[in-house]
Amino acid sequence: MYLKRLELSGFKSFAKLTTLEFPSRITAIVGPNGSGKSNIAESLRWVLGEQSMKSLRGKRGEDLIWNGSPASPAGGPQVPRLGKASAALLFDNKDGSGKFMTGGNTPFDFEEIAIMRKIFRDGMNEYYLNDSQVRLKDIVELIARMGLGETKHNIIGQGEVDKILLSSPRDRREMLEEALGLRVYQLKKHEAERKLEATEVNMKQAETLVREIAPHLKFLKSQAQKAEARESVHGELRQLEKIYFVRERASIAEERKGIEKRREPFLKKREEIRADIMVCAAKVGELEKKFSVEASEGEDKKFAALERRRREIERELGRLEGRVEMERERAASAGRREVDIGYVQEEIREFIAEIRNVLDVEDRIEAVRMRFEVLIEDLERLLDTLARGGAIPAKSQEETSPLLAELAGTIKKLGDELAVISKEIEEREAGRMHERKELQKLQASLREEEGALRVKQDEERDLILEIERFRFEEERLRVREDEWKRGMAGATLNDRDLTDVQLGDYESAAISDISRKIERLRARLEEIGGIDQSVVQEFKETEARHSFLAKEIDDLKQAASSLKSLIIELDEHIKKDFHAGFLKIKEEFHNYFRIIFGGGKASLQLVEIIQRVADEDGENGGGGEIAEDDGEKKVMEGIDISVDLPRKRIKGLAMLSGGERALTSIALLFAITSVNPPPFLVLDETDAALDEANSQRYAAILKELAKQTQLLLVTHNRETMKCAGVLYGVTMGDDGVSKLLSLKLEEAEVYTNR
């Protein structure tokens with residue numbers, strides 16, 4: 001990476017666009033005093049971010065802009081005043097050695113790197129990197145990575161050659177750190193320290209705010225917890241109420257459906273029983289009607305008359321028997337024939353008994369008739385016996401009695417009538433027996449049907465009672481449904497609210513358990529009481545702020561810890577690289593010193609610098625009279641220089657002459673450059689104090705140094721001019737504008753040889 005071109009426009013005396021190409025490793029800029037040579041070196045310093053107007057030989061930023069020229073006495077054109085000035089550096093980066101990172105840690109990998117700075121009359125500065133406007137911080141970090149720092153150790157202005165020797169040990173250390181490329185780490189360290197300080201301030205402010213809002217937050221938290229508990233309980237209650245109403249509605253519907261299902265068989269059975277009752281009632285009515293008809297038909301008046309006639313005949317027979325007995329007794333007493341009265345009485349009694357037996361025992365007319373025939377035959381035989389005068393125990397004269405004959409005829413006649421009546425009674429009795437049996441059967445059927453009817457009626461009454469119980473259950477369900485509706489209204493719910501309700505674990509829970517839990521939740525809401533929602537909102541805002549501050553404090557603590565770790569790491573890195581580079585610079589400084597002075601020795605030493613830090617009361621502890629305990633001491637490292645000139649007994653820098661200081665500074669500058677070569681090195685009349693012999697040594701060292709870095713030399717020294725590859729001449733006319741003339745010394749030698 002090397003400096004390719006410098007473009008100036010309106011910068012100090014370069015009113016017009018001026019371009020300086022640097023194709024050679026050594027470029028010399030020559031010209032008379034006051035022509036503007038040093039303006040070129042200052043433009044390099046300015047475009048690299050120089051902020052000190054003193055270093056640029058000005059008081060205000062406006063002094064850097066071409067201010068115009070008066071009319072030339074010779075009649076030349078007047079150059080007008082400009083409103084802005086700019087300077088641009090173009091670096092060639094084709095070898096890729098400048099793969100830097102910008103301030104935003106963005107890779108910067110281009111074949112050409114252009115840095116530009118503009119200044120306007122109002123003092124506004126603009127910085128550009130490859131035609132993109134950037135911050136000064138980006139430019140500073142970029143040039144720090146390029147090995148160019150704020151101290152601009154690579155740009156030695158006019159009269160600054162011994163500046164490094166006259167600087168303090170601390171400043172020398174900073175210059176060496178920049179030369180070793182540690183400036184970028186110093187920038188990071190300073191940035192980290194600045195951020196750490198700001199972080200600590202912010203952390204203290206945040207902690208103060210946290211302490212301020214903590215008591216109020218505690219109160220608000222208790223209120224918010226109550227509100228949260230209330231909201232949680234209310235939400236749980238709301239969900240549980242929905243579950244309860246869903247379950248209750250489903251339970252009511254299911255129970256109603258169950259009642260209908262359980263009642264349906266009873267209703268169906270009741271209809272069946274009613275149909276059976278109607279059938280049984282019809283049968284009973286029919287049987288009763290038939291029974292009454294049959295009973296009325298069974299009451300036969302003729303049969304009753306026959307019964308009365310039979311009883312009359314029997315009575316008559318009894319009377320006749322008594323009369324016959326009486327007549328026999330009278331005949332016996334009056335007649336001569338003896339009749340065995342006992343025998344006759346016995347026979348008649350047997351006859352009557354037989355008749356009665358037949359009437360009482362026999363229930364068949366045929367059998368009665370046969371029995372009467374037997375009795376009649378016995379009576380006829382008895383009469384025949386009496387008529388023939390057969391042998392009978394008694395005398396048979398009574399047979400001859402007309403009265404007895406009449407009585408016997410009457411008895412016979414009554415017997416025949418009795419037989420006829422008995423036969424008819426027997427026939428009617430048989431009919432009555434059949435009717436009685438039919439009536440008994442009909443009565444049994446009637447009783448059976450009546451019993452069946454009563455059973456069905458009993459069953460119907462039982463069914464009606466059961467159905468009535470279902471009606472009671474329906475009434476209870478209706479009351480329950482009314483309570484459900486009132487509960488829904490009280491909970492400000494409607495049917496839409498019950499859609500898509502997830503039952504979860506309460507799907508199988510008892511409804512009574514859910515109801516009890518709802519009552520407990522309502523009791524808890526009563527205990528919690530009402531909470532103002534503005535308090536809850538205030539708590540959320542305060543808690544959000546507290547959480548934000550707490551998070552910020554944690555982030556700040558982590559950031560502070562990270563920054564402290566970064567600072568320690570950067571310190572260790574700077575210290576390590578600085579000591580390694582310091583030893584190399586120390587060695588090179590000794591070598592260049594011996595070359596320049598032809599012997600002797602020079603050395604760099606690290607020395608401790610005690611710097612007092614202001615105490616808590618704000619007093620500065622740097623005064624010599626303050627005791628050691630009055631302030632905190634900070635030990636830092638600086639660099640001291642010791643030289644030993646050959647053939648002289650000079651040990652201190654203060655005893656060196658002006659030329660010796662310049663040579664010593666040049667030796668140290670070349671040593672620094674050789675250890676960590678910058679992209680370019682600008683030397684503005686650093687050889688002004690050298691005699692011819694030292695100038696030759698100086699030129700020889702420049703040639704060696706040019707192998708490592710690009711050199712831009714502003715000089716009047718011929719020996720220095722000889723080592724340059726390109727020579728720029730700066731002139732100034734009557735208009736005050738600096739102009740350039742360029743010459744390549746290789747071409748000049750060709751023309752000279754001709």
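A: Helices (H or I, at least four residues) and strands (E, at least two) are DSSP runs, numbered from the N terminus. This is a predicted model, in which local features need pLDDT of at least 70 and side-chain atom pairs count only at pLDDT 80 or more, while totals for chains, interfaces and linings use all residues. Residues are numbered from 1 along each chain as its sequence is written, and side-chain values use heavy atoms, with hydrogens and water left out.

Q: Is Ser674 buried or exposed?

A: Ser674 counts as buried because its relative accessible area is 13%. Buried means under 20% relative accessible area, exposed over 50%, and partly exposed in between (1.4 Å probe, protein chains only).

Q: What does the side chain of Ser674 reach?

A: It reaches the backbone oxygen of Ala671, at 2.8 Å.

Q: And which residues is Ser674 in contact with, leaving aside neighbours within four places in sequence?

A: Those are Glu588, Tyr592, Leu705 and Gln708. Contact means heavy atoms within 4.5 Å.

Q: On to the core. Which residues have the most contacts inside the largest nonpolar core?

A: They are Leu604, Phe670 and Leu683, in a core of 50 residues. Helix α11 (residues 533-597) gives the most to this core, namely nine residues. A nonpolar core is a set of buried Ala, Val, Leu, Ile, Met, Phe, Trp, Tyr and Cys residues joined through side-chain atoms within 4.5 Å. In soluble globular proteins, nonpolar side chains tend to be buried together.

Q: What is Leu604 in contact with, again leaving aside neighbours within four places?

A: Its contacts include Leu176, Phe582, Ile585, Phe589, Ile639 and Leu668. Another core, of 40 residues, lies apart from the largest one, and among its members are Met53, Ile115, Ile119 and Leu129.

Q: Where does the charged end of Arg173 sit?

A: It sits over the ring of Phe578, 4.0 Å from the ring centre. A charge sits over a ring if NZ of Lys or CZ of Arg is within 6 Å of the ring centre and within 35 degrees of the ring normal. Arg173 is also one of the residues that Gly638 touches, not counting residues up to four places away in sequence.

Q: Where is Gly638, then?

A: Gly638 is in strand β12 (residues 632-644), and it counts as buried because its relative accessibility is 0%. Between Gly638 and Glu174 there are 8.6 Å in space, C-alpha to C-alpha, although they are 464 residues apart in sequence.

Q: New topic: how many aromatic pairs are there?

A: A search of the whole structure finds seven. Phe11 and Trp46 form one that is tilted, at 5.3 Å centre to centre and 35 degrees between the planes. Rings of Phe, Tyr and Trp (its six-membered ring) pair if their centres lie within 6.5 Å; planes under 30 degrees apart count as stacked, over 60 as edge-to-face and the rest as tilted.

Q: Where are those two in the chain?

A: Phe11 is in the loop between β1 (2-9) and β2 (18-21), and Trp46 is in helix α1 (residues 37-47), 35 residues apart. Both Phe11 and Trp46 are buried.

Q: Which residues do ring pairs link into a cluster?

A: They are Phe589, Phe593 and Phe597. Phe593 and Phe597 both lie in helix α11, four residues apart, about one turn of the helix.

Q: Last, the sheet. What is the order of the six strands in the open sheet?

A: The order is β10-β13-β14-β3-β15-β16, with mixed pairing. Two strands pair if DSSP finds at least two bridges between them. β10 (155-156) and β16 stand at the edges with a single partner strand each, so one side of each is left without a neighbour in the sheet.

Q: How many bridges join β15 to β16?

A: Seven bridges join β15 (residues 726-732) to β16 (residues 738-744), and these strands run antiparallel. Val726 stands opposite Lys744, and the bridge partner of Tyr728 is Ser742. Their hairpin has five residues between the strands, and Gly736 there takes a positive phi near 80 degrees.

Key
A polar contact is a pair of N or O atoms within 3.5 Å; within protein, one must be able to donate a hydrogen and the other to accept it, and residues adjacent in sequence count only if both atoms are side-chain atoms.
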